[in-house]
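Welcome, and thanks for joining this short tour. Open your viewer, load the model and keep the selection tool at hand.

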Amino acid sequence: MNKPNDLAISATDLNDIDSQASHDNHFNSILNARLSRRNWLRGSAVTAATAVMGSMGLSACGGGSDAIAVTPTPTPTPTPEKLLAFTAVPKSLADVVSVPAGYTATALYALGDSLRAATPAYKNDGSDTDFDNRAGDHHDGMEYYGLSAAGAPLASGAERGLLAMNHEATTDETLSSHFLHVNGGTTSLPRPAAEVDKEVAVHGLSVVEVKKTGSAWATVNDSAFNRRVTPLTDIELAGPVRGNALVVTKYSPTGTKTRGTINNCGTGKSPWGSYLSGEENWAGYFTRSSTDNAARGDKSVVSLNRYGRRQGGASRHGWETGGSDDKYARWNLSKIGASTNGSDDYRNELNGMGYIVEMDPYDKTKAIRKRTALGRYAHESAAFSVPAVGQQLAVYMGDDSRNEYIYKFVTTAVWAAADANPADRIATGDKYLDSGKLYVAKLAADGTGQWIELAMSNALIQAYSAYKFADLADVLVNARLAADAVGATKMDRPEWCSVNPANGEIYYTLTNNSNRTVNPSGSSQLAPDSANPRAYTDMKGRSAQNGNPNGHIIRFKEGTGAAAATSFTWDVYLFGAESGADASKINLSNLTADQDFSSPDGLAFSPYTGICWIQTDDGAYTDVTNCMMLAAIPGKVGDGAKSTLNYATAAGGNLAVDTFIGEKPTADTLKRFLVGPVGSEITGISETPDGKTMFINIQHPGENTSLANIGDPSKYTSQWPANAGYGAGKRPRSATIVITKNDGGRIGS
Ligand code: FEO
Ligand code: CA
Ligand code: CA
Ligand code: CA
């Protein structure tokens, strides 16, 4: 069953793994950010206030070219653009995409859509093949890359571009991805090769060209840019782990490459224009024999256990049973070969998964690279610090499992302005992402925190008794163990992060955590602490959901040294909650019915409007509403107040937890913008550089449809997007949607 974050079934959930300011100030910072972009105003004598009002005038200029001559001419007084002026979308259980009045949302690119002329249209009845040339499944993180009218790479291109996206997983129940097969597929081992090949191919990445004609966007079939990357695509290992003994496999005896990428979740866009993809719950696709610990007899057992692959663990789909070909054998991690180094089996295969993957979306000829310097864990997004010439860059990242950590990578290289438009984007990635320092976050109860470097020079890492690290590559491959060694802070499932372009502060969604409890027992349960301060019960119907079922959003402000700082301050920007929940214990951000949400996951600041977009992947509030997207205009770290939560302990005492709650949102600073179809997660945030078109992904609509009902569309829990007039058949499909404002304005105004 594939039901992310439904806490009641979390033990069997393969996507939910447990391995262990004032508004005025904000207005000014947005204003300044806009002014820096509006270089078409250079030399004119406009005031700052007029410049903001000029955003309407920009659209009249037709494309925002830098070459527009600035001759002040009398113009009608423009209406100032007001962000979040739309009417909030109510919570909903309808099987539709709901957006505010004045906006239009249309399906654009769904599971199975053909990417080339020779591949027929998707029939959506389980009979389709050739998924190497079709859209993959479970669209997730996504980034937009502009093209000129003539089709050349142009970052500012707002009417023609590429969408690069992750295809995280498939909707499955008992091995089979049932919507992909006519009768739902086989649910016992061995799995037929034809089913396995299809299921493998819907994972990975895709690049698809999109183009606006009139006011309508469409994908461009047969574009030379269209591309699929799958778990079988050759990918280079780059950085300190490349060539290390830990990544020697039968596929790559030199330990320099891996076969493909899988379970790609959040994304990032580098300052040099490449695409970054995080490998998340990859471990579950592999199996390991029940006697493998003894066969290995070394520290690799500690590593495998820490990363969620205990001996005897069954794989999610049984792909290792597809046949004798090596492409099936690679899903079996057992030590079965006679070699001493692993060059004759896949005992080390798992060490090639779990990285940030870099791709040039514009150039198929450039090798895709896994950036091992950024560490190996269940990656979500990768968010860059605001680049400053002559200074190092930071890449912020999280590890999405219960009680895992927050990380940042700091480059050795300092930012050069010329790299914003380089001749070779992957070579530029080599420059910034293959050398640097990886840090993990430790948060203190007083609202401060430290970034602790994960390196052999750290005495705690050298002395760690549970695992003996050999070198830096070993530290990076086993970043979770290294973070354990230094006592990093265990968080409530870090999902996406993003940097506020107005002030450089870093926002992390902490989606939920069923292992947070006032009276912990066993090693996996934790008491609430300052940075993860809630442990409560939320009812979903008659089912009690315990822990932090609704999640929160934490934010950091770097200390001295900016991106390279080793200290920071933090507070909690927002607590997810039902609006009717107890405001003293649960609804700590005083959310109203127009703002309440649960399980934040996707989060990204628009570089164009400054809006912070928040998306949910929820199973807690889904008795009341489908998942959603909200628009926010946050303040800054420290704009709220210190607060103390008191919990009665089982021993009769009081557990007092101090925390820091950001300024509570108002109707003008947080508003629900979209609600998705039944059973879907909302994810992927990307916009054209004029801010007027937004692309997001609707992942796994109808995911709770039982395999037993595959023959009866009336029993599908969702029929989206077919019920919105998109495509053949009635099986629900993950899809990219395009959102525009009917008056041509910017998204979120
Ligand atoms: Fe793929 Fe953590 O969400
Ligand atoms: Ca509830
Ligand atoms: Ca996610
Ligand atoms: Ca999630």
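Select Asp617 to begin: this residue is buried, because its relative accessibility is 5% and the cut-off for buried is under 20%. Bear in mind as you look around that this is a predicted model.

Now show the calcium ion (ligand 4). Asp617 (OD) coordinates this ion together with Glu495 (OE) and Asp601 (OD), at 2.3 Å. Along the chain, the donors follow the spacing E-x105-D-x15-D. Colour the secondary structure next: Asp601 belongs to strand E26 (residues 600-605), while Asp617 sits in the loop between strand E27 (612-616) and strand E28 (628-632), so the pair ties together parts that are 16 residues apart in sequence.

Is Asp601 buried or exposed? Click on it: Asp601 is buried, with a relative accessible area of 2%.

Move on to Glu495. Which two ions does Glu495 bridge? They are the calcium ion (ligand 4) and the calcium ion (ligand 3), and the two lie 3.9 Å apart.

Zoom in on E1 and strand E34 (residues 735-741), which run antiparallel and are joined by 7 bridges. To see one of the partners, pick Thr106 and look across to Val738 in E34.

Definitions and conventions: Residues are numbered from 1 along each chain as its sequence is written. Chains are lettered from A and ligands numbered from 1 in the order in which they are written. This is a predicted model: local features need pLDDT of at least 70, side-chain atom pairs count only at pLDDT 80 or more; totals for chains, interfaces and linings use all residues. Side-chain values use heavy atoms; hydrogens and water are left out. Donors are N, O and S atoms within 2.8 Å of the metal (3.2 Å for Na, K and Ca); water is not among the atoms, so sites may look incomplete. Helices (H or I, at least four residues) and strands (E, at least two) are DSSP runs, numbered from the N terminus. Buried means under 20% relative accessible area, exposed over 50%, partly exposed in between (1.4 Å probe, protein chains only). Two strands pair if DSSP finds at least two bridges between them.
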